[in-house]
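Biologist: I would like to go through this model with you. Could we take it topic by topic?

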Amino acid sequence: MKLAATIGTDKQPWMIAQGDFNADGKLDLATPNLGSSDVSILLGNGDGTFQAAQPYAAGNNPGALAVGFLNRDRDPDIAVVNTASCDVEILLGSGNGAFAPPVSNAVNQSYECTSIAIADFNGDGKSDIVVGFIHGAQGDGIAVLLGNGDGSFKPAMVTMATGKTGYLAIGDVNGDGSPDAVLSFQDGTIGVLLGHGDGTFESPMQFPAGVVSTAVTLGDLNGDGLLDVVAGGVGSKTIGVLLGNGDGSFETGRSWDVAGQTISGIGIGDLNGDSKPDLVVVDYDLDEISVLLNQSPQ
(Lines give C-alpha, C1' and ligand atoms only; values in the text may rest on other atoms or scores of the structure.)
Protein backbone atom coordinates (compact mmCIF):
# COMPACT_ATOMS: atom_id res chain seq x y z
CA MET A 1 0.00 0.00 0.00
CA LYS A 2 1.13 3.55 -0.77
CA LEU A 3 -0.22 6.67 0.97
CA ALA A 4 -1.63 8.82 -1.84
CA ALA A 5 -3.75 11.59 -0.28
CA THR A 6 -5.58 12.96 2.75
CA ILE A 7 -9.00 14.63 2.54
CA GLY A 8 -10.78 16.80 5.11
CA THR A 9 -14.17 15.83 6.63
CA ASP A 10 -16.42 17.48 9.22
CA LYS A 11 -15.68 17.24 12.97
CA GLN A 12 -14.51 13.95 14.54
CA PRO A 13 -15.23 11.42 11.77
CA TRP A 14 -15.80 7.91 13.07
CA MET A 15 -15.52 5.10 10.46
CA ILE A 16 -16.17 5.18 6.70
CA ALA A 17 -18.30 3.60 3.98
CA GLN A 18 -18.28 3.80 0.20
CA GLY A 19 -20.70 3.67 -2.71
CA ASP A 20 -21.53 5.33 -6.03
CA PHE A 21 -23.90 8.02 -4.77
CA ASN A 22 -24.24 10.02 -8.00
CA ALA A 23 -24.31 7.14 -10.54
CA ASP A 24 -21.18 8.25 -12.42
CA GLY A 25 -19.37 4.91 -12.05
CA LYS A 26 -16.83 6.38 -9.61
CA LEU A 27 -16.46 5.40 -5.96
CA ASP A 28 -17.66 7.96 -3.39
CA LEU A 29 -17.14 8.06 0.39
CA ALA A 30 -19.26 8.82 3.47
CA THR A 31 -18.25 9.39 7.09
CA PRO A 32 -20.39 9.93 10.23
CA ASN A 33 -19.06 12.85 12.28
CA LEU A 34 -19.53 12.65 16.05
CA GLY A 35 -18.44 16.23 16.68
CA SER A 36 -20.80 17.87 14.19
CA SER A 37 -23.73 15.39 14.24
CA ASP A 38 -23.76 15.00 10.48
CA VAL A 39 -22.57 12.80 7.63
CA SER A 40 -19.88 13.93 5.17
CA ILE A 41 -20.34 12.88 1.53
CA LEU A 42 -17.16 12.99 -0.59
CA LEU A 43 -17.81 12.43 -4.31
CA GLY A 44 -14.96 10.64 -6.08
CA ASN A 45 -13.10 11.83 -9.17
CA GLY A 46 -12.12 8.29 -10.17
CA ASP A 47 -8.37 8.77 -9.73
CA GLY A 48 -8.05 8.41 -5.95
CA THR A 49 -8.97 12.07 -5.29
CA PHE A 50 -12.29 13.44 -4.03
CA GLN A 51 -14.40 16.59 -4.11
CA ALA A 52 -14.88 18.67 -0.96
CA ALA A 53 -17.06 17.04 1.71
CA GLN A 54 -20.79 17.90 1.76
CA PRO A 55 -22.62 17.63 5.15
CA TYR A 56 -26.03 16.00 5.78
CA ALA A 57 -27.87 15.99 9.12
CA ALA A 58 -27.89 12.55 10.79
CA GLY A 59 -29.30 12.83 14.31
CA ASN A 60 -27.31 13.29 17.51
CA ASN A 61 -23.74 11.90 17.70
CA PRO A 62 -23.71 9.60 14.65
CA GLY A 63 -21.06 6.98 15.37
CA ALA A 64 -21.30 4.61 12.40
CA LEU A 65 -22.97 4.25 9.02
CA ALA A 66 -23.57 1.73 6.27
CA VAL A 67 -24.49 2.03 2.60
CA GLY A 68 -27.10 -0.16 0.88
CA PHE A 69 -30.41 -0.29 -1.00
CA LEU A 70 -33.10 0.07 1.65
CA ASN A 71 -36.18 0.82 -0.47
CA ARG A 72 -37.40 -0.28 -3.87
CA ASP A 73 -35.32 2.03 -6.07
CA ARG A 74 -31.71 1.38 -7.07
CA ASP A 75 -30.22 4.54 -5.55
CA PRO A 76 -27.79 3.89 -2.66
CA ASP A 77 -29.15 4.79 0.78
CA ILE A 78 -27.36 5.36 4.09
CA ALA A 79 -28.18 3.95 7.55
CA VAL A 80 -26.58 5.79 10.48
CA VAL A 81 -26.52 4.67 14.11
CA ASN A 82 -26.33 7.24 16.91
CA THR A 83 -24.13 6.12 19.78
CA ALA A 84 -25.78 7.33 22.99
CA SER A 85 -29.46 7.00 21.97
CA CYS A 86 -28.85 3.81 19.96
CA ASP A 87 -31.30 4.70 17.22
CA VAL A 88 -30.87 4.19 13.47
CA GLU A 89 -31.33 7.13 11.07
CA ILE A 90 -32.24 6.28 7.46
CA LEU A 91 -31.09 8.72 4.75
CA LEU A 92 -32.63 7.71 1.41
CA GLY A 93 -30.49 8.54 -1.62
CA SER A 94 -31.66 10.49 -4.65
CA GLY A 95 -29.13 9.00 -7.07
CA ASN A 96 -27.47 12.35 -7.79
CA GLY A 97 -25.27 12.52 -4.69
CA ALA A 98 -27.91 14.09 -2.42
CA PHE A 99 -29.88 12.50 0.44
CA ALA A 100 -33.32 13.02 2.03
CA PRO A 101 -33.64 14.15 5.68
CA PRO A 102 -33.15 11.29 8.17
CA VAL A 103 -35.97 9.05 9.45
CA SER A 104 -35.37 7.55 12.91
CA ASN A 105 -35.78 3.89 14.02
CA ALA A 106 -35.38 3.02 17.72
CA VAL A 107 -33.16 0.09 18.82
CA ASN A 108 -32.71 0.26 22.62
CA GLN A 109 -31.86 3.41 24.57
CA SER A 110 -30.11 1.39 27.29
CA TYR A 111 -27.47 0.26 24.76
CA GLU A 112 -24.43 2.18 23.55
CA CYS A 113 -24.43 1.44 19.83
CA THR A 114 -21.04 1.26 18.15
CA SER A 115 -21.53 -0.03 14.61
CA ILE A 116 -23.96 -0.82 11.80
CA ALA A 117 -24.12 -2.89 8.61
CA ILE A 118 -26.66 -3.74 5.89
CA ALA A 119 -27.37 -7.19 4.38
CA ASP A 120 -30.24 -9.62 3.70
CA PHE A 121 -29.98 -11.79 6.80
CA ASN A 122 -33.14 -13.86 6.33
CA GLY A 123 -33.09 -14.43 2.57
CA ASP A 124 -36.33 -12.63 1.71
CA GLY A 125 -34.73 -10.30 -0.82
CA LYS A 126 -35.11 -7.22 1.42
CA SER A 127 -32.22 -5.36 3.03
CA ASP A 128 -31.89 -5.71 6.81
CA ILE A 129 -29.77 -3.81 9.35
CA VAL A 130 -27.48 -5.13 12.08
CA VAL A 131 -26.19 -2.93 14.91
CA GLY A 132 -23.32 -3.70 17.31
CA PHE A 133 -23.80 -2.50 20.89
CA ILE A 134 -22.20 -2.28 24.34
CA HIS A 135 -24.38 -2.98 27.38
CA GLY A 136 -21.92 -2.87 30.27
CA ALA A 137 -21.98 -5.70 32.81
CA GLN A 138 -24.97 -7.30 31.08
CA GLY A 139 -22.84 -7.99 27.99
CA ASP A 140 -22.41 -6.75 24.45
CA GLY A 141 -23.77 -8.07 21.17
CA ILE A 142 -25.61 -7.34 17.95
CA ALA A 143 -29.21 -6.38 17.16
CA VAL A 144 -30.82 -7.25 13.79
CA LEU A 145 -33.65 -5.13 12.33
CA LEU A 146 -35.36 -7.01 9.51
CA GLY A 147 -36.40 -4.77 6.61
CA ASN A 148 -39.84 -4.31 5.09
CA GLY A 149 -38.41 -3.31 1.71
CA ASP A 150 -39.61 0.30 1.84
CA GLY A 151 -36.98 1.85 4.14
CA SER A 152 -38.79 0.81 7.35
CA PHE A 153 -37.84 -2.02 9.73
CA LYS A 154 -39.22 -4.53 12.24
CA PRO A 155 -38.21 -4.46 15.96
CA ALA A 156 -34.67 -5.56 16.79
CA MET A 157 -33.65 -9.20 17.51
CA VAL A 158 -30.61 -9.49 19.82
CA THR A 159 -27.63 -11.92 19.90
CA MET A 160 -25.23 -11.49 22.85
CA ALA A 161 -21.44 -11.76 22.45
CA THR A 162 -18.49 -11.87 24.84
CA GLY A 163 -15.88 -9.14 24.54
CA LYS A 164 -16.24 -5.35 24.36
CA THR A 165 -17.61 -4.71 20.90
CA GLY A 166 -15.97 -2.15 18.65
CA TYR A 167 -17.19 -2.33 15.08
CA LEU A 168 -18.62 -4.97 12.80
CA ALA A 169 -18.41 -6.06 9.19
CA ILE A 170 -20.73 -8.37 7.27
CA GLY A 171 -19.86 -11.02 4.67
CA ASP A 172 -20.13 -14.74 3.91
CA VAL A 173 -16.86 -15.88 5.48
CA ASN A 174 -17.61 -19.63 5.45
CA GLY A 175 -19.14 -19.98 1.98
CA ASP A 176 -22.58 -21.27 3.01
CA GLY A 177 -24.50 -18.47 1.29
CA SER A 178 -25.65 -16.77 4.52
CA PRO A 179 -24.19 -13.45 5.76
CA ASP A 180 -21.90 -13.71 8.78
CA ALA A 181 -20.85 -10.99 11.25
CA VAL A 182 -17.24 -10.11 12.13
CA LEU A 183 -16.82 -8.00 15.27
CA SER A 184 -13.72 -6.16 16.42
CA PHE A 185 -13.18 -6.65 20.15
CA GLN A 186 -11.14 -4.23 22.23
CA ASP A 187 -8.99 -7.06 23.67
CA GLY A 188 -7.01 -7.37 20.42
CA THR A 189 -9.16 -10.09 18.82
CA ILE A 190 -11.92 -10.30 16.23
CA GLY A 191 -15.09 -12.31 16.78
CA VAL A 192 -16.74 -14.27 13.97
CA LEU A 193 -20.50 -14.93 14.36
CA LEU A 194 -21.71 -17.34 11.69
CA GLY A 195 -25.22 -16.58 10.39
CA HIS A 196 -28.05 -19.13 10.32
CA GLY A 197 -29.83 -17.46 7.38
CA ASP A 198 -32.87 -16.40 9.42
CA GLY A 199 -31.53 -13.26 11.11
CA THR A 200 -29.92 -15.11 14.05
CA PHE A 201 -26.26 -15.97 14.64
CA GLU A 202 -23.99 -18.45 16.44
CA SER A 203 -21.84 -17.41 19.39
CA PRO A 204 -18.55 -15.79 18.30
CA MET A 205 -15.29 -17.55 17.51
CA GLN A 206 -12.29 -15.32 18.36
CA PHE A 207 -9.02 -14.80 16.42
CA PRO A 208 -5.98 -12.59 17.23
CA ALA A 209 -6.06 -9.34 15.24
CA GLY A 210 -2.47 -8.21 15.83
CA VAL A 211 -3.76 -4.77 16.89
CA VAL A 212 -6.13 -3.47 19.57
CA SER A 213 -9.07 -3.08 17.24
CA THR A 214 -12.20 -0.96 17.17
CA ALA A 215 -12.50 -0.67 13.37
CA VAL A 216 -12.91 -3.66 11.05
CA THR A 217 -13.83 -4.34 7.43
CA LEU A 218 -13.89 -7.28 5.00
CA GLY A 219 -12.55 -7.65 1.47
CA ASP A 220 -10.45 -9.90 -0.76
CA LEU A 221 -7.03 -8.25 -0.51
CA ASN A 222 -4.88 -11.00 -2.04
CA GLY A 223 -7.09 -12.12 -4.92
CA ASP A 224 -7.75 -15.69 -3.75
CA GLY A 225 -11.54 -15.29 -3.79
CA LEU A 226 -11.81 -15.45 0.03
CA LEU A 227 -12.76 -12.62 2.38
CA ASP A 228 -9.96 -11.15 4.51
CA VAL A 229 -10.18 -8.87 7.56
CA VAL A 230 -8.57 -5.45 7.97
CA ALA A 231 -8.60 -4.13 11.55
CA GLY A 232 -7.32 -0.99 13.29
CA GLY A 233 -7.95 0.83 16.52
CA VAL A 234 -8.04 3.90 18.72
CA GLY A 235 -4.57 5.19 19.62
CA SER A 236 -3.07 3.09 16.82
CA LYS A 237 -1.18 4.01 13.64
CA THR A 238 -1.20 0.40 12.45
CA ILE A 239 -3.73 -1.76 10.62
CA GLY A 240 -3.70 -5.55 10.89
CA VAL A 241 -4.62 -7.89 8.02
CA LEU A 242 -6.06 -11.35 8.76
CA LEU A 243 -6.24 -13.56 5.67
CA GLY A 244 -9.36 -15.69 5.37
CA ASN A 245 -9.37 -19.50 5.04
CA GLY A 246 -12.88 -19.65 3.56
CA ASP A 247 -14.36 -21.69 6.43
CA GLY A 248 -14.99 -18.87 8.90
CA SER A 249 -11.46 -18.93 10.34
CA PHE A 250 -8.62 -16.47 9.72
CA GLU A 251 -4.83 -16.44 9.66
CA THR A 252 -2.81 -13.57 11.09
CA GLY A 253 -1.39 -11.51 8.24
CA ARG A 254 1.02 -8.61 8.12
CA SER A 255 0.61 -5.15 9.61
CA TRP A 256 0.78 -1.78 7.85
CA ASP A 257 1.66 1.63 9.29
CA VAL A 258 -0.63 4.51 8.31
CA ALA A 259 -0.51 8.28 8.75
CA GLY A 260 -2.45 9.88 11.61
CA GLN A 261 -3.11 9.28 15.28
CA THR A 262 -6.36 7.37 15.87
CA ILE A 263 -7.85 4.88 13.38
CA SER A 264 -11.63 5.05 13.67
CA GLY A 265 -12.72 3.50 10.38
CA ILE A 266 -11.43 1.49 7.42
CA GLY A 267 -12.92 1.05 3.95
CA ILE A 268 -11.95 -1.16 1.00
CA GLY A 269 -12.56 -0.39 -2.68
CA ASP A 270 -10.88 0.20 -6.05
CA LEU A 271 -10.18 3.92 -5.81
CA ASN A 272 -7.95 4.40 -8.87
CA GLY A 273 -9.47 2.01 -11.44
CA ASP A 274 -6.68 -0.59 -11.54
CA SER A 275 -8.95 -3.46 -10.38
CA LYS A 276 -7.05 -3.83 -7.08
CA PRO A 277 -8.73 -3.19 -3.70
CA ASP A 278 -7.34 -0.07 -2.01
CA LEU A 279 -7.81 1.12 1.58
CA VAL A 280 -9.19 4.33 3.05
CA VAL A 281 -8.46 4.92 6.75
CA VAL A 282 -10.35 7.48 8.87
CA ASP A 283 -8.46 9.48 11.53
CA TYR A 284 -10.70 10.69 14.36
CA ASP A 285 -8.21 13.18 15.85
CA LEU A 286 -7.02 14.82 12.62
CA ASP A 287 -10.49 14.98 10.94
CA GLU A 288 -9.17 13.45 7.74
CA ILE A 289 -9.01 10.33 5.58
CA SER A 290 -5.85 8.56 4.37
CA VAL A 291 -5.88 6.74 1.02
CA LEU A 292 -3.59 3.69 0.65
CA LEU A 293 -3.27 2.36 -2.90
CA ASN A 294 -2.70 -1.36 -3.41
CA GLN A 295 0.68 -2.11 -5.00
CA SER A 296 0.40 -5.89 -4.97
CA PRO A 297 1.06 -7.74 -8.28
CA GLN A 298 -2.46 -9.30 -8.41
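Biologist: Is Phe 99 buried or exposed?

Modeller: Phe 99 is buried, at a relative accessible area of 9%; buried means under 20%, exposed over 50% and partly exposed in between, with a 1.4 Å probe and protein chains only. Please note that this is a predicted model, in which local features need pLDDT of at least 70, side-chain atom pairs count only at pLDDT 80 or more, and totals for chains, interfaces and linings use all residues. Residues are numbered from 1 along each chain as its sequence is written, and side-chain values use heavy atoms, with hydrogens and water left out.

Biologist: How many aromatic pairs are there?

Modeller: There are 5 aromatic pairs in the structure. Rings of Phe, Tyr and Trp (its six-membered ring) pair if their centres lie within 6.5 Å; planes under 30 degrees apart count as stacked, over 60 as edge-to-face and the rest as tilted. Tyr 56 and Phe 99 form an edge-to-face pair, because their planes stand at 80°, with ring centres 5.7 Å apart.

Biologist: And where do Tyr 56 and Phe 99 lie?

Modeller: Tyr 56 belongs to strand β5 (residues 54-57) and Phe 99 to the loop between β8 (87-91) and β9 (103-106), so the pair ties together parts that are 43 residues apart in sequence. Strands are DSSP runs of E with at least two residues, helices runs of H or I with at least four, numbered from the N terminus. Ring pairs also link Phe 21 with Tyr 56 and Phe 99 into a cluster.

Biologist: Why is the pair of Tyr 111 and Phe 133 stacked?

Modeller: Their planes are at 5° and the ring centres 3.9 Å apart, so the pair is stacked. Tyr 111 is buried at 11% relative accessible area, and Phe 133 is buried at 1%.

Biologist: Changing topic: what is the volume of the largest pocket?

Modeller: The volume is about 480 Å³. On a 1 Å grid over the protein atoms alone, a pocket is an open set of points where a 1.4 Å probe fits, with protein on both sides within 12 Å along at least five of seven lines; lining residues have an atom within 4 Å of a point. The volume is the space filled by probe spheres set on the points, which are joined across faces, edges and corners.

Biologist: Which residues are closest to its centre?

Modeller: Of the 25 lining residues, Ile 16, Leu 168, Ala 169, Ile 170 and Thr 217 are the closest to the centre.

Biologist: How many helices and strands does the protein have?

Modeller: The protein has 0 helices and 24 strands.
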